[in-house]
Each structure stands twice: as C-alpha cells, then as structure tokens.
Amino acid sequence: MEENEESEELSEVEEQHHDKPAEKPLSRSKTKTIFLKKRRAKRSYTCTQCGKSFIQKHNLDVHMRVHTGEKPFKCDHCGNQFTQNIHLKIHMRIHTGEKPFTCNQCGHSFPRKDTLEIHMRIHTGEKPFKCDQCRTSFSYKAFLRSHMMIHTGEKPHSCDQCGKTCTCKETLKSHMRVHTEEKPFTCDQCGKSFTQSSQLKRHMRSHTGEKPFTCDQCGNSFSESGSLKLHMRIHTRERPFTCDQCGKSFTRSTHLKRHMRIHTGEKPFMCDQCDKTFLMASGLKKHMLVHTKEKPHACSVCGKRFSQKQILQVHQKIHTGVREYMCFECEKTFTSANGLKRHEMIHTGEKPHTCDQCGKSFRHKSSLKSHMRVHIREKPHTCDQCRKSFTFKSHLKLHMRIHAVEKPDHHSLKSRPDGCEQERRNRRNQKICQLPSV
C-alpha cells in the first residue's frame, strides 16, 4: 500500500516537472530528491510528553532527554554533563581558555557566538526586552526576568543557612559566600580578596585613582555612585533619617545609628591605655594619637603636621583658597562642612549642647566641655613660671603677660612709655592679677 502511494506521489512530482520546450529535463535522481524533501516535510515526529514536533527522528530523540534527564556527554575535567555533544564542546572552552569570537569594538573575546551577539548590545545601546509594567528596557532577557520579580514580589531562591530569599540564583550564590567566607576575587595589587567581582572593581579604583562619578554642583568626584548620591544631600539638604528621641535628622542611616548611642549611653570602643571609652571607632583612633603623639600627615606647602588626614585636607584649603561650603542665609563660605554647620547655628539659634549641672546651653560641644570645668573645678592650664592654674587657656594667656619681660629701652622717645601709657599697663597687669583662677 505504502509502495503504491509512494509511486503515485513520485509520478505527481514528475508531472509537475514535466519537460517543457527549451528546458532541460530533470534527471530521475533530482526528481526523487524533490520528492523526498516534500515527503519529509509532511512527516513529523511528535513528543508524547509536551506535543512538540520535529522533522527528523534524531531531533526528537535529543529532545526527549529534556524529559528523561539523560545527559550522556560528560566533561572529563569537572564532571559536568550535557544533553548534546555540541554543548560539551562549547563547555570545554572554559578549561582550554579558547575564546574564538572577538568584539570588533573593544577587543573583548568570548567562547560563544551568541554571547558575543549579546555583548554587542553594550556598544549599540540596544535594549530589546521591555517591562510591560513600568516600560523599563533591558539588554538581556535574564535582567528583565529578574526585574519582573520587583513587581510580583517573587523571591524563589532561599538560603538554607539563614532563610534569606533572593530574586535570582546569582544573588543567592553571592550571598552564600557570607556563610562559606569564600572570597574568590583577589586584587593583584595588594592581595585583598572580595566575595563579589563588583567589589573588586570598586576597590581597584583605590589603586588607579579613578573617580568616575562627579557632582554637577561643586565638581567633587567620587569612586562610587553611592558616595555621590550621599554627597548630593549636602546640596539638597535632604536628611531622610530622623531620631525618634530628639527629632534630629541625618543624611545617612549609619549616622543615625551612631547618634542613638548618645541616648543609650553606649560607648563600645575602649582605649587600652587609659580605659577611656568612645561612641565611635574613629573617636578611639583619634584619641590614640594623644598617647603616641604621632602626627603623620604633613602639609606639602608649609610643612605643618597633623594627626588626622581630614584636618590636613581642611588646612590645605587655606593655601588653595577653596571654600566650597556656602551659607544660604548670609553667603559666607567655609572650607569644611563642619565649619558651615557650626556657623548655621548662629542663624537658627540652635544650642544643642546643654550642661546637666546648671542647664546652660552651648552651640559647640567643646564649649560645653570647657564650661564643665567650672563645676568639677578642673584647672588643666598651668603657668610654667609660678605654677598658678586656670580653667581656661585664654586666662592663662592673659596671666602670662605678668611674667613677660619688657623689651629694653633703645633711648628713643618712641620706645619709652610716657606716664599715661605706663599707668595703662599697670592697670592692665592689676586686672590680670585679679582674674579668678576658677
């Protein structure tokens, strides 16, 4: 029956390609080839599992491995298995380092052609995958798929150590290094290791000095976009983090966290020399220089030395004349954000530092600290001539004039004080003697 059908179909093809005048007749073999192609197109092999159809039986056999899980092609380097031999061949390039497909724009090479095609979107700017919720476009389908989970709230990948859920497998893989303490990305300059390649990339800027993120308000540049974003709050005056105890606001959550220690009284950082405790690690670090007397930071212009790099940077602005912080009330400029902050209290009338003994308030913490000596009767400033002590340095400075040796006369009228001048000096010295040594 099948032979008769085949014979009839072959005759039909021969009739369709019957000799025409001035045309070379088709050979029997060519006629049969056309017939077989048509016959093959009519025949199809359908998967009983999912209904997908294939022209060739071999393709169906390969497809069935999707359902059976069969992976007959195994890598003898790492043991990974694949459903098709071609996939194994492509995989082997990871071990051989072969990257035959090169980008003609930047010279970057890839082991697969389709990976190069996807990479080219960086240069062309093509973003063919668009979110139907917010119209954001993406270069890669995987990025769109991950993005869609923002709208759906789906986090299908869960950490079996701490239960944290992630939107994509790669994020979970990076997170797992927190538990395993694996740091596979190492800096070839200093040997420091990181859990993520993006962290290494940011770190490398500390060696190259690259600062690609620039503020369009003052021209300051930063190595990270996050640092620029935080910096912009200086200009916008945005302070999104507010203390629920006193209402004070901050530009960063870490600043609020540190501030909360004022209310809780927590001082977790202790000096091992004198047992003094501090709210912040930076406070302890600065304090340690009191014991070491170290001043490692020197000004390249005048040679003056400082214990802290930040103080040196502020000092250097005296030489450069840079005063990038401006008061919006009176347009006075300052070399540091702290200087501006202290100045603004003049306009606001704010006095946040209050004495718990007498209730007197001060703009600056240092002023409160000096004031507290009145109550505790501390006199840290001592005259090296007569050993008399004073609460404030300014009082000691005035007192020292008593001991100051008068310059010798040069027998000129100008150098000799007249009676009135001498009387003024005597009154001033008498006033200094009467200064309270409180």
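**Entry 1: the second largest pocket**

I sorted the lining of the second largest pocket by residue type and got five nonpolar, eight polar and five charged residues. I kept in mind that this is a predicted model. The lining has 18 residues. Those nearest the pocket centre are Phe143, Cys168, Glu170, Thr171 and Ser174. The space inside comes to about 530 Å³. Next I looked up which elements give two or more residues to this lining, and I found α6 (141–152), α7 and α8 (197–208). Which of them gives the most? My answer is α7, with six residues.

**Entry 2: helix α7**

Which residues of α7 are buried? I list Leu172, Ser174, His175 and Arg177. I then stepped just past the end of the helix. There, glutamate 181 takes a positive phi of about 60°.

**Entry 3: helix α9**

I ran the span check again on α9, residues 225–236. Its 12 residues should span 16 Å at 1.5 Å a residue. The end C-alpha atoms are 17 Å apart, so the span agrees. Here I find Leu228, His231 and Arg233 buried. Where do the buried residues of α9 pack? They pack against β13 (213–214), β14 (221–222) and β15 (241–242). Just after α9 I looked at arginine 237, which has a positive phi of about 65°.

**Entry 4: histidine 63**

I moved to histidine 63, in helix α3 (residues 57–68). Is histidine 63 buried or exposed? Its relative accessible area is 12%, and the cut-off for buried is under 20%, so histidine 63 counts as buried. I then listed its contacts, leaving aside neighbours within four places in sequence. They are Cys47, Cys50, Lys52 and Phe54.

**Entry 5: two arginines in loops**

I looked up arginine 135 and found a positive phi of about 65°, although this residue is not a glycine. Arginine 135 sits in the loop between β7 (129–130) and β8 (137–138). Its relative accessible area is 52%; exposed means over 50%, so arginine 135 is exposed.

Arginine 387 came next. It is not a glycine either, and its phi is positive, near 70°. I place arginine 387 in the loop between β25 (381–382) and β26 (389–390). With a relative accessible area of 58%, arginine 387 is exposed.

**Entry 6: the chain overall**

Last, I took the totals. How many helices and strands does the protein chain have? I note 16 helices and 26 strands. Of the 438 residues, 19% count as buried. The accessible surface comes to about 32,600 Å², and 50% of that belongs to carbon and sulfur atoms. I also checked contacts between residues at least 6 apart in sequence. Among these, 6% join residues at least 24 apart.

Notes. Residues are numbered from 1 along each chain as its sequence is written. This is a predicted model: local features need pLDDT of at least 70, side-chain atom pairs count only at pLDDT 80 or more; totals for chains, interfaces and linings use all residues. Side-chain values use heavy atoms; hydrogens and water are left out. Buried means under 20% relative accessible area, exposed over 50%, partly exposed in between (1.4 Å probe, protein chains only). Helices (H or I, at least four residues) and strands (E, at least two) are DSSP runs, numbered from the N terminus. Contact means heavy atoms within 4.5 Å. Accessible areas come from the Shrake-Rupley method with a 1.4 Å probe; for residues, only the protein chains shown count as cover. On a 1 Å grid over the protein atoms alone, a cavity is a set of points where a 1.4 Å probe fits but cannot get out, and a pocket is an open set with protein on both sides within 12 Å along at least five of seven lines; lining residues have an atom within 4 Å of a point. Grid points are joined across faces, edges and corners, and a volume is the space filled by probe spheres set on the points. Ala, Val, Leu, Ile, Met, Phe, Trp, Tyr, Cys and Pro count as nonpolar, Asp, Glu, Lys and Arg as charged, and the others, Gly among them, as polar. The expected span of a helix is 1.5 Å times one less than its number of residues.
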